Amino acid sequence: MSLNTLLLFGMEFINDTDHKKLLVQLSSFDSEKMQGLPLLITPNVDQIVKFHRKENLALFEACKKAAFILPDGQPIVWTSKLKHQHQSLQARLTGSDLFPALWNQVKKQRQKVFMILPNEDLGLRFKAEYDLVNYYVPPFFNLEDQSSYKVIKQHCEDILKANQFDHVFIGLGFPKQEHLSLHLIEAIESGPKPLFSLLGASFEFYFGVKDRAPLWIQKMGLEFLHRMFSEPGRMVKRYLWDDLAFFPLLWKEIRK
């Protein structure tokens, strides 16, 4: 069962009404029989903007090779409608909606999981819920601090080489999770590789540590407003200043 895709902002986004076909593919995922990197990413507007910054262009080129790219932001869907009209993206496919369904599938199939998480509480919750979870909470690090980052990479490599995992879930935020996943994919030199899924705050939403917007707000594509009011310290600058750079990218994309 192949997945339809649509090219936008240089990335092949999965184009479907829901996650059902994707879940079928992930249920029998085999890195040795697939095209692209064993990587699942869910870009939103903020990530699209950051990917196109000069300092992240090499990262962008690498992540474009991900086997599965979901359109997580509603403005990405709106852009597709402006550009392609009847051949536009059919729906927003969020990582936060995918994870609960994928997680249930993983548990049902008794697949082995490695999780790289932002805090110990999440790791303990997942471990209590499912016995085939191995998790790691790295100390706070800066990508520019090569000595600290090297220790974290080596620790993750050791865990991966000592186990045969089916899935690696990472929730460290952009661009740490992207850099770390690409390094670990390359570090596995032979044999099948697990699927690396970069799902940001999905794990916190899953346990209710963070509240998602009400469904009616999600359907209107205004979930960013809920997050902005819920976490003003982090989100106001992101949405009202940093992400204004999306509009030149939108104009450029429509004119292509």
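Modeller: Let's start with helix H6: among what covers its buried residues are H5, strand S5 (113–116), strand S6 (133–136) and helix H9 (202–206). Contact here is heavy atoms within 4.5 Å, and the labels are DSSP runs numbered from the N terminus (helices are H or I with at least four residues, strands are E with at least two). This is a predicted model, where local features need pLDDT of at least 70 and side-chain atom pairs pLDDT 80 or more, while totals for chains, interfaces and linings use all residues. Residues are numbered from 1 along each chain as its sequence is written, and side-chain values use heavy atoms, leaving out hydrogens and water.

Colleague: Which residues of H6 are buried?

Modeller: Buried means under 20% relative accessible area, exposed over 50%, and partly exposed in between, with a 1.4 Å probe and protein chains only. In H6 (residues 120–129) those are Leu122, Gly123 and Phe126. They span an arc of only 100° around the axis, so they sit on the same side of H6; the arc is taken from the directions from the helix axis to the C-beta atoms.

Colleague: How do H4 and H13 run relative to each other, parallel or antiparallel?

Modeller: Axes are lines fitted to C-alpha atoms, for helices over the stretch in contact, and angles run from 0 to 180 degrees between N-to-C directions. Under 35 degrees counts as roughly parallel, over 145 as roughly antiparallel, 65 to 115 as roughly perpendicular, and the rest as oblique. The axes of H4 (residues 74–84) and H13 (residues 246–255) come within 9 Å and cross at roughly 30°, so the two helices are roughly parallel.

Colleague: And which residues meet there?

Modeller: Pro75, Thr79, Leu82 and Lys83 of H4 meet Phe246, Leu250, Glu253 and Ile254 of H13.

Colleague: What about H1 and H5, what is their angle?

Modeller: H1 (residues 20–27) packs on H5 (residues 95–108) at about 35°, with the axes 11 Å apart. On the H1 side, Leu22, Leu23, Leu26 and Ser27 meet Leu98, Ala101, Leu102 and Gln105 of H5.

Colleague: Now the loops. Which non-glycine residues have a positive phi?

Modeller: Phe9 is one, with phi of about 50°, in the loop between strand S1 (5–8) and strand S2 (11–14). Arg110 is another, with phi near 55°, in the loop between H5 and S5. Phe9 is buried at 3% relative accessible area, whereas Arg110 is partly exposed at 45%.

Colleague: Where is the cis peptide bond?

Modeller: Look from Phe174 to Pro175, where omega is near 0°. Pro175 lies in the loop between strand S7 (167–170) and helix H8 (176–187).
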